[in-house]
Amino acid sequence: MLLATTQVSLGTPPSASQNSDVYMGVIASAPAKVILLGEHFVVYGEPAIVLAIDKRAYAKAELRQDKRLYLRSANLNFSGYFENGIFEIEKGDIKEAKLKFAPLKLVVEKVLEIYGDNVGLDVEVNSTVPVAAGLGSSAAVAAAVAASVGTLLNVKLPKETIFHISYEAEKIVHGTPSGVDPAISTFGGTLLFQMDTGFKPLDVKTDVPLVIGYTGVRRSTRVQIAKVQKVKNKYPRVVEPMMKTAREIVLMAIDALKEGDLEKLGDLMNINHALLCGLGVSDESLESLINAARKASALGAKLTGAGGGGCMIALVQNERIEQVQEAIQRSGGTPFMAKKTNEGVKIEES
Ligand code: MEV
């Protein structure tokens with residue numbers, strides 16, 4: 001038996017009918033992700049395998065009578081108005097809110113650029129994805145905002161455009177991201193992602209049962225990326241072979257996924273985690289959950305995303321899932337199951 005709830009839910013999807021006396025607005029959603037293998041190395045051109053999961057971020061866009069942009073985040077409890085570059089706070093700390101809203105403002109501006117006119121908008125975001133946890137919440141929110149505003153204004157936004165807009169927003173948040181997060185939030189499914197060659201959907205027939213363990217420690221992807229950059233600059237001859245090994249791991253994992261060889265996949269996850277430890281992006285909270293999962297018979301366990309806290313994943317045979325979840329919980333983490341989803345960004349209600 002689990003000791004407490006296995007759900008990590010920081011919000012509920014908004015409903016378009018909440019304000020049914022005014023224009024209904026458009027609600028869009030986009031999925032969070034787990035990186036199965038290859039995070040950080042992907043920033044330097046190596047491949048990564050990433051899965052969209054059934055936790056989604058939602059954005060609701062409505063027209064305003066004036067020309068202001070009103071942004072509200074239900075999860076962060078921030079809201080405020082942008083007008084002519086000036087930000088006026090409604091709720092929350094002005095500095096923090098302005099910083100958090102900057103990528104969303106950019107997304108809206110990019111869509112308005114394509115629309116060709118400046119209109120006032122209310123945009124509300126709400127996410128069932130834990131924030132700053134390595135599950136790609138910022139990219140999912142950005143993709144959902146682009147889709148909701150685009151559809152509201154009747155702007156044709158192909159998924160490629162939503163990806164590019166969300167990637168621009170991610171650069172504001174994370175500095176030099178690879179683009180893996182906006183790609184998966186936009187397109188969904190299971191992707192082999194590489195910066196120079198783009199991404200390729202992977203046809204994964206086998207079930208990949210993953211338990212996610214949330215450490216509860218929030219961290220900044222930007223800081224973790226900078227940490228790796230520092231190690232790489234200081235020890236290039238050490239890190240270069242690690243990059244090659246990371247690439248081999250991903251290539252072998254593609255075969256393991258094709259063959260349904262979960263044991264091999266688990267081993268590769270463990271080796272990948274050792275490399276990430278070497279880069280300095282694991283921490284005590286992650287190590288504790290990863291060790292607990294392995295002791296409870298997970299086939300493999302590693303951090304997922306940027307590390308430094310956030311989430312870990314464990315590959316687990318179906319009959320061991322409860323055991324691994326309990327072990328994660330006893331070690332102070334919040335376990336939950338992730339189901340992969342093929343659904344990328346989509347319109348929920350319009
Ligand atoms: C973040 O989800 C994954 C990193 O590899 C950064 C990136 O690829 O943008 C750490």
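Domain 1 and domain 2 bury about 3,000 Å² between them, and 71% of that lies on carbon and sulfur atoms. Buried area here is the accessible area, taken with a 1.4 Å probe, that two parts lose on being put together, summed over both. Before I go on: this is a predicted model, where local features need pLDDT of at least 70 and side-chain atom pairs count only at pLDDT 80 or more, while totals for chains, interfaces and linings use all residues. Residues are numbered from 1 along each chain as its sequence is written, and side-chain values use heavy atoms, with hydrogens and water left out.

So, where are the two domains? Domain 1 covers 9-202 + 341-347, and domain 2 covers 210-338; the bounds come from an automatic or database domain assignment. Their centres, taken over C-alpha atoms, are separated by 26 Å. The contact, meaning heavy atoms within 4.5 Å, takes 33 residues from domain 1 and 40 residues from domain 2.

On the domain 1 side, the elements giving two or more residues are β1 (26-37), β2 (48-63) and α3 (159-174). Of these, β2 gives the most, with six residues. Helices (H or I, at least four residues) and strands (E, at least two) are DSSP runs, numbered from the N terminus.

The interface also has two salt bridges, each a side-chain nitrogen of Lys or Arg within 4 Å of a carboxyl oxygen of Asp or Glu. Elsewhere on my list is a pair between glutamate 39 and lysine 302, at 2.9 Å from N to O. The whole structure holds 15 salt bridges. Arginine 56 and glutamate 348 form one, with their closest N and O atoms 4.0 Å apart. That pair links distant parts of the chain, from strand β2 to strand β13 (residues 346-349), 292 residues apart.

Let me finish with a sheet. Its four strands form an open sheet in the order β10-β11-β9-β12, with antiparallel pairing; two strands pair if DSSP finds at least two bridges between them. The edge strands, β10 (300-304) and β12 (334-338), each pair on one side only. Five bridges join β10 to β11 (residues 311-315), and glycine 300 stands opposite leucine 315 in β11.
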